[in-house]
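Reader: I have a new structure on my screen and would like to walk through it with you. Could you take my questions one at a time?

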Amino acid sequence: MERKENETYISYIKRVTNACSDKKISYSEWGDYILGTDNNYSSENLRKAFYVVYKLLNKIDENNCDYDAIKDLENLRDEIYKERCRLQDIQREKRNDLRVEARFENLLEVVKDNIGFMPTYEIKDFKPINKNQDKKYAVLQLSDWHCGALVDNQFNYYNVDTMVDRATKVRNNALEYCKLHNVTDLVIEINGDMVNGAIHVSSRVESEEGVIQQVITVTDVLAKLINSMKPYFNSIKIITTLGNHGRLTPNKSDSITNENFEMLIPAMLRDKLGDVKIIDSKGLDFTKYEIDGKIIMVSHGQNDSMTKVISDFSKIFKVVPNEIHLGHTHSYTDINDCDIKVTVNGSLIGSDDYAVTIRKVTTPSQNLIVYEKDRCIYEIKAE
């Protein structure tokens with residue numbers, strides 16, 4: 001059986017070779033004749049392949065077949081096929097990277113096109129504080145604003161105007177507490193779900209346009225809030241991560257980690273905040289930073305468990321944190337686990353319809369943590 005297959009194969013090779021010879025086909029055309037015109041090989045590679053194959057063919061005698069030569073030829077064709085597959089894989093990965101890059105650049109262009117239609121919100125009623133020469137740090141946690149959401153139930157009403165009013169209250173109360181403790185340097189964590197996103201709607205095109213406007217609005221409010229606080233501190237540093245509501249596709253299983261509308265927020269804030277330092281999470285939902293000798297890890301929280309988060313992040317970053325700050329659950333929590341603090345921020349949106357259905361009704365709030373001899377944390381009520 002093996003001899004019959006080899007003889008059939010030899011016959012095929014000779015027919016191809018004779019046909020090429022009769023038609024006076026060049027080595028590059030011969031490569032196309034054998035491999036098809038859609039092959040990815042240069043004329044130089046085809047030239048080398050032609051002579052290798054031609055040499056093998058010369059070993060084949062009609063009456064005395066060289067089966068080793070046939071085997072070598074089969075191996076050669078296998079290698080050529082595998083190399084072709086490798087090239088296709090490389091090109092496919094490159095196209096995926098280019099697609100993500102092009103998509104993000106396109107979103108930035110849409111933001112620029114819509115920037116002229118940005119609504120104007122004023123941060124009012126600020127109360128000044130005095131600077132102090134001795135450094136004292138505080139962290140203001142901002143998360144789960146869900147800009148663009150509309151809530152109207154017996155426990156809560158929320159829209160964009162409500163969001164601005166609540167953000168203003170958080171900002172003013174944070175300044176008051178910072179003044180009380182003589183805070184000189186402020187870190188602001190923007191920790192995900194700042195927009196309501198498109199994960200619960202069916203129309204991809206309409207939802208994308210809507211979310212872009214959400215990003216523009218919430219970035220504008222954040223920029224005005226932060227800029228209004230700059231005169232009262234020696235320095236302000238911004239830490240940003242990504243939430244789950246900013247992903248580009250409603251289907252979680254189809255979502256790609258670095259395809260998230262909230263990646264636009266730090267990019268836009270850099271243009272609006274001047275010399276304020278911004279550290280972003282590079283397309284992830286978590287990051288870490290240091291403040292006053294303390295290692296603080298920040299995560300939105302949708303992929304984290306309170307019972308495992310210390311262990312998980314200690315393994316990831318190869319260092320034990322002093323604190324871990326989370327969001328996502330819309331409910332203030334502060335626990336101490338072997339002197340490692342795990343603090344969960346509240347939300348600005350408060351009790352939405354989903355929260356009510358699972359019997360979780362919470363007051364809108366954001367956290368301010370002051371670092372001095374005694375750590376002090378304020379749950380700032382936004383109502």
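Reader: Which residue just after α8 takes a positive phi?

Author: Happy to start there, and please keep in mind that this is a predicted model. The spot to look at comes just after α8, where phi is about 60°. The residue with that positive phi is lysine 318.

Reader: Which residues of α8 are buried?

Author: Buried here stands for a relative accessible area under 20%. In α8, that label goes to Val309, Ile310, Phe313 and Ser314.

Reader: What covers the buried residues of α8?

Author: Turn the view to the strands. The cover includes β8 (294–299), β9 (323–326), β10 (333–337) and β11 (340–344). Also included in the cover is β7.

Reader: What is the order of the strands in the open sheet?

Author: This open sheet has five strands, and its pairing is mixed. β7 and β10 are the edge strands, since each pairs on one side only. The twist averages 20° from one strand to the next. The order is β7-β8-β9-β11-β10.

Reader: What angle does the direction of α8 make with that of β7?

Author: α8 packs on the sheet, where it touches β7, β8, β9, β10 and β11. Compared with the direction of β7, that of α8 makes an angle of about 80°.

Reader: Which residue in β8 is the bridge partner of phenylalanine 286?

Author: β7 and β8 pair in the antiparallel sense, over six bridges. Phenylalanine 286 lies in strand β7 (residues 286–291). Its bridge partner in β8 is serine 299.

Reader: What is the distance, centre to centre, between tyrosine 177 and tyrosine 378?

Author: These two tyrosines form an aromatic pair with 10° between the planes. Planes under 30 degrees apart count as stacked, so the pair of tyrosine 177 and tyrosine 378 is a stacked one. Centre to centre, the distance is 3.8 Å.

Reader: How many residues apart in sequence are the parts that this tyrosine pair ties together?

Author: Tyrosine 177 lies in helix α5 (residues 160–180), while tyrosine 378 lies in strand β13 (residues 376–381). The pair therefore ties together parts whose separation in sequence is 201 residues.

Reader: What kind of aromatic pair do phenylalanine 286 and phenylalanine 317 form?

Author: Their centres are 5.9 Å apart, with 80° between the planes. Angles over 60 degrees belong to the edge-to-face class. The pair of phenylalanine 286 and phenylalanine 317 is therefore edge-to-face.

Reader: Which residues do ring pairs link into a cluster?

Author: Two of the members are Phe286 and Phe317. Phenylalanine 286 counts as buried at 19% relative accessibility, and phenylalanine 317 as partly exposed at 22%. The complete cluster is Phe286, Phe313 and Phe317.

Reader: With which residues is threonine 219 in contact, leaving aside its neighbours within four places in sequence?

Author: Threonine 219 is found in helix α6 (residues 204–229). Its relative accessible area is 0%, so threonine 219 is buried. Leaving aside those sequence neighbours, its contacts are Ile265, Met268, Leu269 and Lys272.

Reader: Where is the place of aspartate 144?

Author: Aspartate 144 has a positive phi of about 55° although it is not a glycine. At 0% relative accessibility, aspartate 144 counts as buried. Its place is in the loop between β1 (137–142) and β2 (151–153).

Reader: How many disulfides does the structure hold?

Author: Let's look at two cysteines. Cysteine 85 is partly exposed, with a relative accessible area of 23%, whereas cysteine 178 is buried at 0%. As for disulfides, the structure holds zero.

Key:
Residues are numbered from 1 along each chain as its sequence is written. This is a predicted model: local features need pLDDT of at least 70, side-chain atom pairs count only at pLDDT 80 or more; totals for chains, interfaces and linings use all residues. Side-chain values use heavy atoms; hydrogens and water are left out. A disulfide is a pair of cysteine sulfur atoms within 2.5 Å. Buried means under 20% relative accessible area, exposed over 50%, partly exposed in between (1.4 Å probe, protein chains only). Rings of Phe, Tyr and Trp (its six-membered ring) pair if their centres lie within 6.5 Å; planes under 30 degrees apart count as stacked, over 60 as edge-to-face and the rest as tilted. Helices (H or I, at least four residues) and strands (E, at least two) are DSSP runs, numbered from the N terminus. Contact means heavy atoms within 4.5 Å. Two strands pair if DSSP finds at least two bridges between them. Axes are lines fitted to C-alpha atoms, for helices over the stretch in contact, and angles run from 0 to 180 degrees between N-to-C directions.
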